[in-house]
Amino acid sequence: MRAKLLGLCLASALLAYYIYSPMPEDFEEPWKVMLIAAAFRAVRHLSEVADQLGVMHSVEALKAITAIDYIAPTSDENVTVTDTEFSNVAVRLYLPRKPSDGLRRAVVYFHGGGWCLGQAGMKSYDRLTRWTSNRLNAVVVSVNYRLAPKYRFPVQFEDVYSVMKFFLQSSVLSQYGVDPDRVCVAGDSAGGNLAAAVAQQLLEDSEVKTRLKAQALLYPALQTLDLNLPSYQENENKPVLSRLFMVKLWSEYFTSDSSLREAMASNRHVPVESSHLFQFVNWSNFLPEELKKGHVYTSPAYGSSELAQKYPGFLDPRAAPLLASDAQLRGLPLTYVLTCGHDVLRDDGVMYARRLQAAGVPVTHDHAKDAFHGVMMFVSSPTELAVGRRLLNRYIGWLNENL
Ligand SMILES: *[C@@H]1O[C@H](CO)[C@@H](O)[C@H](O)[C@H]1NC(C)=O
Ligand SMILES: *[C@@H]1O[C@H](CO)[C@@H](O)[C@H](O)[C@H]1NC(C)=O
């Protein structure tokens, strides 16, 4: 009896030790966030164990675990939901049932998950896109682009791009009753990365006649060059995306070769021949004073040119939209950028907003100081967070006013 009790105490203590991690003071619901973060950490640890045991690639294991969160296409009284294909790419389509006075608005949405994980049918994404469709009375296309490690860059980009091109054809827009002057591209995290890349590429595509009205980038990943920005340093171990996990996701977008991951982890992956690109991610020029505080800009450290020759994708603006020149940024549509204070990707979004503004693009930059990466995923029980709800409402409110 006593041994059992002792065992129980020990197990609880270990569990508490595992779950506990210090939370920033400005988190509104610190205990809830701590539990969410611990669950994410546990899932990641399990996937690494599966990898080390040789059961499966850690990313495949993560996919298997997160598949629990899937929901089949389910229509409700407001929105008809179907899974279909656009241009041979799987999409989930949300068509409002409410009558409309005229043509409708449309949002083409790319989910997050580091180019490796996630899908339109995850409960949290299904909810986000369903609400968007219902509240804006808009057609929403949520794209199930192919994922790493099975598919690498540029497959993810090409999938979302071909869906976009297919949808922007006037025959398709009119089939769904969409106003060609009111189409937006949007995405979160890796999806925000793809949305930014698609918006850039469309400017150079003479085959596409319809112009986007807007782009909405929610805590996007926008550059691979400097993985030691002040936000990477300050938020190295914040929920739910650590610096090393982000490095892993970035490197998996291009390869499972651990030499790229290791070089990225030590921030020595860019060859000296590409040094001119650093001007586009120079935080010393693009961050406001309050975010620079306590950080000293040092010149980049360079790596071997072999990696960049083998995996040129990581220096490609279609993977790293911040690497586009100022001239290429001009002409981008009305932009919404959300950044979170406690996010390794904070400075990617802050710098992009700055550069777009300087290039004359109208930008709304929403900076949520007290939020962390992926917070809009947590908008329903049991993982509902007030801050997630608030930001979701801000995003949809912006779309409602600007699209
Ligand atoms: C349908 O829309 C109404 C009005 O916006 C809303 O109150 C209701 O909850 C929606 N139904 C579902 C299932 O989302
Ligand atoms: C970054 O900007 C600072 C300040 O303007 C400058 O001194 C530095 O040379 C720049 N570095 C690079 C690599 O462009």
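Mentor: Buried means under 20% relative accessible area, exposed over 50%, and partly exposed in between, with a 1.4 Å probe and protein chains only. This is a predicted model, in which local features need pLDDT of at least 70 and side-chain atom pairs count only at pLDDT 80 or more, while totals for chains, interfaces and linings use all residues. Residues are numbered from 1 along each chain as its sequence is written, chains are lettered from A and ligands numbered from 1 in the order in which they are written, and side-chain values use heavy atoms, without hydrogens and water.

Trainee: Is N137 buried or exposed?

Mentor: N137 sits in the loop between α4 (123–136) and β4 (139–144); helices (H or I, at least four residues) and strands (E, at least two) are DSSP runs numbered from the N terminus. N137 is not a glycine, yet its phi is positive, about 50°. Most residues other than glycine have a negative phi. The relative accessible area of N137 is 18%, so N137 is buried.

Trainee: Which residue with a positive phi follows α10?

Mentor: The loop in question runs between α10 and α11 (283–286). The residue has a phi near 55°. With 14% relative accessibility it counts as buried, and it is N267.

Trainee: What arc do the buried residues of α10 cover?

Mentor: In α10 (residues 258–265) the buried residues are L260, A263 and M264. They lie on the same side of α10, because the arc around the axis, taken from the directions from the helix axis to the C-beta atoms, is only 100°.

Trainee: Which helices do those buried residues of α10 pack against?

Mentor: Packing is judged here by contact, meaning heavy atoms within 4.5 Å. By that criterion the partners of the buried residues of α10 are α9 (243–254) and α13 (305–310).

Trainee: How much of ligand 2 does the protein bury?

Mentor: The residues around ligand 2, those with a heavy atom within 4 Å of it, are F278, N282, S284, N285 and Y297. Polar contacts are pairs of N or O atoms within 3.5 Å; polar side-chain atoms of N282 lie 2.4 Å from a ligand 2 oxygen, and an N or O atom in the N285 side chain is 2.8 Å from an oxygen of ligand 2. A polar side-chain atom of Y297 is 3.2 Å from a nitrogen atom of ligand 2. Taken alone, ligand 2 exposes 360 Å² (Shrake-Rupley, 1.4 Å probe), and the buried share is 50%.

Trainee: What is the relative accessibility of Q215?

Mentor: Q215 belongs to strand β6 (residues 214–218). Beyond four places away in sequence, Q215 touches a set of residues including C184, L332, Y336 and W398. Q215 counts as buried because its relative accessibility is 0%.

How values were computed: A polar contact is a pair of N or O atoms within 3.5 Å; within protein, one must be able to donate a hydrogen and the other to accept it, and residues adjacent in sequence count only if both atoms are side-chain atoms.
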